[in-house]
Amino acid sequence: MTSCHIAEEPIKKIAIFGGTHGNELTGVFLVKHWLENGAEIQRTGLEVKPFITNPRAVKKCTRYIDCDLNRIFDLENLGKKMSEDLPYEVRRAQEIYHLFGPKDGEDSYDIIFDLHNTTSNMGCTLILEDSRNNFLIQMFHYIKTSLAPLPCYVYLIEHPSLKYATTRSIAKYPVGIEVGPQPQGVLRADILDQMRKMIKHALDFIHHFNEGKEFPPCAIEVYKIIEKVDYPRDENGEIAAVIHPNLQDQDWKPLHPGDPMFLTLDGKTMSLGGDCTVYPVFVNEAAYYEKKEAFAKTTKLTLNAKSIRCSVH
(Lines give C-alpha, C1' and ligand atoms only; values in the text may rest on other atoms or scores of the structure.)
Protein backbone atom coordinates (compact mmCIF):
# COMPACT_ATOMS: atom_id res chain seq x y z
CA MET A 1 0.00 0.00 0.00
CA THR A 2 1.40 3.38 -0.96
CA SER A 3 1.54 6.13 1.62
CA CYS A 4 -1.32 8.58 1.36
CA HIS A 5 0.00 12.11 1.02
CA ILE A 6 -1.43 15.46 0.05
CA ALA A 7 -0.06 16.77 -3.24
CA GLU A 8 0.59 20.49 -2.99
CA GLU A 9 1.51 22.92 -5.77
CA PRO A 10 5.18 23.97 -5.88
CA ILE A 11 6.05 27.26 -4.18
CA LYS A 12 7.19 29.91 -6.66
CA LYS A 13 6.97 33.37 -5.08
CA ILE A 14 7.88 34.35 -1.53
CA ALA A 15 7.95 37.77 0.12
CA ILE A 16 9.75 38.65 3.34
CA PHE A 17 8.23 41.71 5.00
CA GLY A 18 10.16 43.88 7.44
CA GLY A 19 9.04 47.14 9.01
CA THR A 20 5.31 46.40 9.18
CA HIS A 21 5.87 48.06 12.54
CA GLY A 22 8.59 50.66 12.02
CA ASN A 23 10.18 50.36 15.49
CA GLU A 24 10.62 46.56 15.40
CA LEU A 25 14.13 46.72 14.08
CA THR A 26 15.27 43.13 13.47
CA GLY A 27 13.06 42.67 10.42
CA VAL A 28 13.91 46.16 9.18
CA PHE A 29 17.64 45.48 9.53
CA LEU A 30 17.49 42.06 7.84
CA VAL A 31 15.27 43.19 4.96
CA LYS A 32 17.48 46.24 4.28
CA HIS A 33 20.51 43.90 4.26
CA TRP A 34 18.81 41.42 1.90
CA LEU A 35 17.79 44.24 -0.45
CA GLU A 36 21.51 45.05 -0.76
CA ASN A 37 22.74 41.45 -0.76
CA GLY A 38 20.14 38.72 -0.96
CA ALA A 39 22.44 35.73 -1.52
CA GLU A 40 21.51 34.00 1.74
CA ILE A 41 17.76 34.07 1.00
CA GLN A 42 17.94 32.89 -2.61
CA ARG A 43 17.02 29.29 -3.41
CA THR A 44 17.03 27.64 -6.84
CA GLY A 45 13.71 28.05 -8.65
CA LEU A 46 12.29 30.45 -6.06
CA GLU A 47 11.58 34.15 -6.35
CA VAL A 48 12.24 35.64 -2.90
CA LYS A 49 11.44 39.33 -2.49
CA PRO A 50 12.47 41.27 0.65
CA PHE A 51 10.22 44.31 1.17
CA ILE A 52 9.90 47.21 3.65
CA THR A 53 6.18 47.41 4.31
CA ASN A 54 5.84 50.71 6.20
CA PRO A 55 8.72 52.93 5.06
CA ARG A 56 7.42 56.14 6.66
CA ALA A 57 7.08 54.45 10.07
CA VAL A 58 10.56 52.92 9.62
CA LYS A 59 12.01 56.36 8.87
CA LYS A 60 10.45 57.79 12.06
CA CYS A 61 11.19 54.60 14.07
CA THR A 62 7.60 54.44 15.25
CA ARG A 63 5.08 51.58 15.18
CA TYR A 64 2.86 53.36 12.64
CA ILE A 65 1.99 56.81 11.30
CA ASP A 66 -1.85 56.89 11.41
CA CYS A 67 -3.01 53.36 12.31
CA ASP A 68 -1.66 49.83 12.78
CA LEU A 69 -0.78 48.43 9.34
CA ASN A 70 -1.00 44.89 10.73
CA ARG A 71 -4.72 45.13 11.58
CA ILE A 72 -6.30 46.68 8.45
CA PHE A 73 -6.08 44.06 5.69
CA ASP A 74 -9.83 43.54 5.65
CA LEU A 75 -12.32 44.01 2.80
CA GLU A 76 -13.57 47.30 4.22
CA ASN A 77 -10.16 49.01 4.24
CA LEU A 78 -8.84 47.37 1.07
CA GLY A 79 -12.02 48.40 -0.76
CA LYS A 80 -11.96 52.08 0.22
CA LYS A 81 -11.65 54.56 -2.64
CA MET A 82 -8.03 55.72 -2.80
CA SER A 83 -7.62 59.35 -1.73
CA GLU A 84 -5.17 61.56 0.14
CA ASP A 85 -7.70 61.75 2.99
CA LEU A 86 -7.28 58.07 3.84
CA PRO A 87 -4.92 57.21 6.72
CA TYR A 88 -1.39 56.57 5.41
CA GLU A 89 -1.44 52.89 6.40
CA VAL A 90 -4.76 52.26 4.63
CA ARG A 91 -3.29 53.66 1.42
CA ARG A 92 -0.17 51.59 1.98
CA ALA A 93 -2.27 48.46 2.63
CA GLN A 94 -3.97 48.91 -0.75
CA GLU A 95 -0.58 49.30 -2.47
CA ILE A 96 0.74 46.14 -0.76
CA TYR A 97 -2.43 44.23 -1.67
CA HIS A 98 -1.99 45.14 -5.35
CA LEU A 99 1.72 44.23 -5.29
CA PHE A 100 1.48 40.90 -3.42
CA GLY A 101 -2.17 39.75 -3.46
CA PRO A 102 -4.89 38.86 -3.85
CA LYS A 103 -4.83 35.45 -2.18
CA ASP A 104 -4.83 32.73 -4.88
CA GLY A 105 -4.58 35.33 -7.66
CA GLU A 106 -2.50 34.51 -10.73
CA ASP A 107 0.48 36.74 -9.85
CA SER A 108 0.03 36.66 -6.08
CA TYR A 109 2.66 35.48 -3.64
CA ASP A 110 2.48 31.95 -2.26
CA ILE A 111 4.10 32.75 1.10
CA ILE A 112 4.59 35.96 3.05
CA PHE A 113 6.94 35.92 6.04
CA ASP A 114 6.21 38.98 8.20
CA LEU A 115 9.03 39.77 10.63
CA HIS A 116 8.18 41.22 14.05
CA ASN A 117 9.72 41.86 17.44
CA THR A 118 8.04 41.81 20.81
CA THR A 119 9.12 43.38 24.09
CA SER A 120 7.70 40.25 25.77
CA ASN A 121 9.84 37.27 26.71
CA MET A 122 8.49 35.06 23.92
CA GLY A 123 11.70 33.78 22.34
CA CYS A 124 11.24 32.43 18.80
CA THR A 125 7.55 32.39 17.89
CA LEU A 126 5.77 31.33 14.71
CA ILE A 127 2.24 32.67 14.25
CA LEU A 128 -0.28 30.39 12.57
CA GLU A 129 -3.67 31.61 11.31
CA ASP A 130 -5.21 28.29 10.21
CA SER A 131 -5.12 25.08 12.26
CA ARG A 132 -5.97 22.90 9.23
CA ASN A 133 -3.11 23.98 6.99
CA ASN A 134 -1.00 20.85 6.43
CA PHE A 135 1.72 22.71 4.55
CA LEU A 136 2.34 25.29 7.30
CA ILE A 137 2.16 22.73 10.12
CA GLN A 138 4.81 20.72 8.25
CA MET A 139 6.93 23.85 7.73
CA PHE A 140 6.64 24.85 11.41
CA HIS A 141 7.55 21.30 12.46
CA TYR A 142 10.67 21.52 10.26
CA ILE A 143 11.66 24.93 11.68
CA LYS A 144 11.09 23.79 15.30
CA THR A 145 13.14 20.62 14.74
CA SER A 146 15.94 22.53 13.01
CA LEU A 147 16.17 25.14 15.78
CA ALA A 148 16.24 22.58 18.63
CA PRO A 149 17.42 22.69 21.37
CA LEU A 150 16.47 26.39 21.05
CA PRO A 151 12.71 26.43 21.76
CA CYS A 152 10.35 27.72 19.09
CA TYR A 153 6.69 28.23 20.00
CA VAL A 154 3.64 28.28 17.74
CA TYR A 155 0.90 30.80 18.48
CA LEU A 156 -2.43 29.96 16.82
CA ILE A 157 -4.58 33.07 16.38
CA GLU A 158 -7.62 31.30 14.95
CA HIS A 159 -10.64 32.63 16.85
CA PRO A 160 -14.34 33.04 16.03
CA SER A 161 -14.55 36.70 17.10
CA LEU A 162 -10.96 38.03 17.22
CA LYS A 163 -10.15 38.99 13.64
CA TYR A 164 -6.63 40.25 13.04
CA ALA A 165 -6.63 41.21 9.30
CA THR A 166 -2.83 40.95 9.18
CA THR A 167 -0.53 42.26 6.47
CA ARG A 168 0.56 38.73 5.58
CA SER A 169 -3.01 37.40 5.28
CA ILE A 170 -3.10 38.29 1.57
CA ALA A 171 -0.80 35.32 0.81
CA LYS A 172 -1.89 31.70 0.36
CA TYR A 173 0.44 30.79 3.23
CA PRO A 174 0.81 33.62 5.78
CA VAL A 175 3.63 33.22 8.33
CA GLY A 176 4.15 35.57 11.27
CA ILE A 177 7.61 35.49 12.83
CA GLU A 178 7.87 37.11 16.25
CA VAL A 179 11.14 37.21 18.22
CA GLY A 180 11.78 38.76 21.62
CA PRO A 181 12.41 40.14 24.09
CA GLN A 182 13.71 43.26 22.38
CA PRO A 183 12.86 46.87 23.21
CA GLN A 184 11.31 49.01 20.49
CA GLY A 185 13.90 50.91 18.48
CA VAL A 186 16.73 48.57 19.56
CA LEU A 187 18.75 45.85 17.80
CA ARG A 188 20.03 42.84 19.77
CA ALA A 189 22.51 40.44 18.16
CA ASP A 190 20.98 37.32 19.77
CA ILE A 191 17.46 38.18 18.53
CA LEU A 192 18.85 38.99 15.07
CA ASP A 193 20.59 35.62 14.89
CA GLN A 194 17.43 33.74 15.94
CA MET A 195 15.21 35.46 13.36
CA ARG A 196 17.79 34.91 10.63
CA LYS A 197 17.92 31.19 11.46
CA MET A 198 14.11 30.92 11.39
CA ILE A 199 14.03 32.35 7.86
CA LYS A 200 16.92 30.12 6.74
CA HIS A 201 15.16 26.95 7.95
CA ALA A 202 11.85 28.05 6.42
CA LEU A 203 13.48 28.63 3.03
CA ASP A 204 15.35 25.30 3.28
CA PHE A 205 12.03 23.54 3.94
CA ILE A 206 10.46 25.15 0.86
CA HIS A 207 13.49 24.21 -1.25
CA HIS A 208 13.34 20.56 -0.10
CA PHE A 209 9.59 20.51 -0.75
CA ASN A 210 9.98 21.90 -4.28
CA GLU A 211 12.72 19.32 -4.96
CA GLY A 212 10.18 16.55 -4.34
CA LYS A 213 10.97 15.51 -0.77
CA GLU A 214 8.00 13.88 0.93
CA PHE A 215 7.35 15.02 4.49
CA PRO A 216 5.76 12.26 6.60
CA PRO A 217 2.82 12.92 8.96
CA CYS A 218 3.80 15.06 11.93
CA ALA A 219 2.38 16.75 15.01
CA ILE A 220 3.22 20.08 16.66
CA GLU A 221 2.28 21.64 19.96
CA VAL A 222 0.55 25.01 19.57
CA TYR A 223 -0.83 27.66 21.89
CA LYS A 224 -4.28 28.80 20.78
CA ILE A 225 -5.62 32.19 21.81
CA ILE A 226 -8.60 32.11 24.17
CA GLU A 227 -8.97 35.79 25.08
CA LYS A 228 -7.08 39.01 25.70
CA VAL A 229 -6.83 40.38 29.24
CA ASP A 230 -6.82 44.12 29.99
CA TYR A 231 -5.10 45.78 32.92
CA PRO A 232 -7.30 46.52 35.94
CA ARG A 233 -8.54 50.10 35.57
CA ASP A 234 -10.00 52.81 37.80
CA GLU A 235 -13.23 54.74 37.17
CA ASN A 236 -11.34 57.11 34.83
CA GLY A 237 -10.07 54.25 32.70
CA GLU A 238 -6.51 54.63 33.98
CA ILE A 239 -4.37 51.56 34.68
CA ALA A 240 -4.78 50.63 38.35
CA ALA A 241 -2.35 47.69 38.60
CA VAL A 242 0.75 46.40 36.85
CA ILE A 243 1.82 42.92 35.75
CA HIS A 244 2.74 40.94 38.90
CA PRO A 245 6.47 40.08 39.23
CA ASN A 246 5.57 36.36 39.27
CA LEU A 247 3.96 36.71 35.82
CA GLN A 248 6.51 39.08 34.27
CA ASP A 249 8.66 37.31 31.61
CA GLN A 250 6.72 34.04 32.10
CA ASP A 251 5.30 33.82 28.57
CA TRP A 252 4.33 30.24 27.56
CA LYS A 253 4.52 29.07 31.20
CA PRO A 254 1.40 27.66 32.89
CA LEU A 255 -0.70 30.14 34.87
CA HIS A 256 -2.94 28.28 37.30
CA PRO A 257 -6.17 29.46 38.96
CA GLY A 258 -5.16 31.46 42.04
CA ASP A 259 -1.78 32.48 40.56
CA PRO A 260 -1.06 36.24 40.75
CA MET A 261 -1.57 38.33 37.58
CA PHE A 262 -1.54 41.99 38.71
CA LEU A 263 -0.22 44.07 41.60
CA THR A 264 -1.57 47.44 42.77
CA LEU A 265 0.53 50.25 44.22
CA ASP A 266 -0.79 49.48 47.69
CA GLY A 267 0.36 45.86 47.42
CA LYS A 268 -2.93 44.17 46.53
CA THR A 269 -2.59 41.09 44.31
CA MET A 270 -5.16 40.14 41.67
CA SER A 271 -5.15 36.47 40.79
CA LEU A 272 -6.40 34.27 37.96
CA GLY A 273 -9.97 33.13 38.52
CA GLY A 274 -11.84 30.20 37.02
CA ASP A 275 -10.73 26.59 37.04
CA CYS A 276 -8.56 26.36 33.90
CA THR A 277 -4.80 26.55 33.60
CA VAL A 278 -3.83 28.95 30.80
CA TYR A 279 -0.57 29.88 29.07
CA PRO A 280 0.03 33.64 28.89
CA VAL A 281 1.68 35.28 25.86
CA PHE A 282 2.58 38.87 24.96
CA VAL A 283 2.94 39.54 28.68
CA ASN A 284 3.38 43.31 29.24
CA GLU A 285 3.98 43.97 25.51
CA ALA A 286 4.80 47.67 25.12
CA ALA A 287 2.80 48.08 21.89
CA TYR A 288 -0.36 46.66 23.44
CA TYR A 289 -0.87 49.27 26.16
CA GLU A 290 -2.84 51.34 23.64
CA LYS A 291 -4.83 48.23 22.68
CA LYS A 292 -5.68 47.63 26.37
CA GLU A 293 -4.05 44.21 26.41
CA ALA A 294 -1.91 43.17 29.38
CA PHE A 295 -1.48 39.65 28.01
CA ALA A 296 -3.35 37.00 26.04
CA LYS A 297 -4.54 33.71 27.53
CA THR A 298 -3.88 30.63 25.44
CA THR A 299 -4.59 26.93 25.72
CA LYS A 300 -2.17 24.20 24.64
CA LEU A 301 -3.18 21.86 21.79
CA THR A 302 -1.59 19.39 19.41
CA LEU A 303 -2.10 19.84 15.67
CA ASN A 304 -1.53 16.99 13.24
CA ALA A 305 -0.51 17.30 9.61
CA LYS A 306 -0.84 14.71 6.89
CA SER A 307 2.10 13.72 4.73
CA ILE A 308 2.77 16.28 2.00
CA ARG A 309 4.65 16.20 -1.28
CA CYS A 310 5.05 18.60 -4.19
CA SER A 311 2.66 17.67 -7.00
CA VAL A 312 5.18 18.35 -9.79
CA HIS A 313 7.54 15.50 -8.78
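Reply: Happy to, starting with Ile6, which sits in strand S1 (residues 5-8). Helices and strands here are DSSP runs, numbered from the N terminus: a helix is H or I with at least four residues, a strand is E with at least two. This is a predicted model, in which local features need pLDDT of at least 70 and side-chain atom pairs count only at pLDDT 80 or more, while totals for chains, interfaces and linings use all residues. Residues are numbered from 1 along each chain as its sequence is written, and side-chain values use heavy atoms, with hydrogens and water left out.

Ile6 has a relative accessibility of 27%, so it counts as partly exposed. The scale is as follows: buried means under 20% relative accessible area, exposed means over 50%, and partly exposed lies in between (1.4 Å probe, protein chains only). Leaving out residues up to four places away in sequence, Ile6 touches Asn134, Lys306, Ser307, Ile308 and Arg309; a contact means heavy atoms within 4.5 Å. As for Gln182, it is 176 residues from Ile6 in sequence and 39 Å from it in space, C-alpha to C-alpha.

One of those contacts, Arg309, leads us to the charged pairs. Arg309 forms a salt bridge with Glu214, with the closest N and O atoms 3.9 Å apart. A salt bridge here is a side-chain nitrogen of Lys or Arg within 4 Å of a carboxyl oxygen of Asp or Glu. Arg309 lies in strand S14 (residues 307-310) and Glu214 in the loop between H6 and strand S8 (218-229), so this pair ties together parts that are 95 residues apart in sequence. Both partners are partly exposed: Arg309 has a relative accessible area of 28% and Glu214 one of 27%.

The structure holds 19 salt bridges, and Glu24, Arg63, Asp68 and Lys291 are linked in a network of them. Within it, the side chains of Arg63 and Glu24 meet at 3.3 Å, N to O. Arg63 lies in the loop between helix H2 (55-60) and helix H3 (75-78), and Glu24 in the loop between strand S2 (13-18) and helix H1 (25-36), so the pair joins parts 39 residues apart in sequence. Arg63 and Glu24 are both buried. Lys291 bridges to Asp68 at 2.8 Å between the closest N and O atoms. Lys291 is in the loop between strand S12 (279-281) and strand S13 (295-305), while Asp68 is in the loop between H2 and H3, so this link spans 223 residues of sequence. Asp68 is buried at 6% relative accessible area, whereas Lys291 is partly exposed at 22%.

Strand S13 also holds Thr298, which is buried at 0% relative accessibility. The Thr298 side chain reaches the backbone oxygen of Tyr279 at 2.7 Å. Such a polar contact is a pair of N or O atoms within 3.5 Å; within protein, one must be able to donate a hydrogen and the other to accept it, and residues adjacent in sequence count only if both atoms are side-chain atoms. Besides Tyr279, Thr298 touches residues including Tyr155, Tyr223, Ile225 and Val281.

Next, the nonpolar interior. A nonpolar core is a set of buried Ala, Val, Leu, Ile, Met, Phe, Trp, Tyr and Cys residues joined through side-chain atoms within 4.5 Å. The largest has 51 residues, of which Ile111, Phe113, Phe135, Met139, Ile177 and Ile206 touch the most other members. Helix H6 (residues 189-210) gives the most to this core, with 10 residues. A second, separate core of 17 residues includes Phe17, Phe51, Val90 and Ile170. Ile177 has contacts with Phe113, Leu126, Met195 and Ile199, among others.

Finally, Glu178 lies in strand S7 (residues 173-180). UniProt, in an unreviewed entry, places the feature "active site" at Glu178; UniProt positions are given in the numbering used here, feature names are shortened, and annotations may be inferred rather than shown by experiment. Glu178 is buried, with 6% relative accessible area. A polar atom of the Glu178 side chain lies 3.4 Å from the backbone nitrogen of Thr118. Leaving aside neighbours within four places in sequence, the contacts of Glu178 include His116, Asn117, Cys124 and Phe282.
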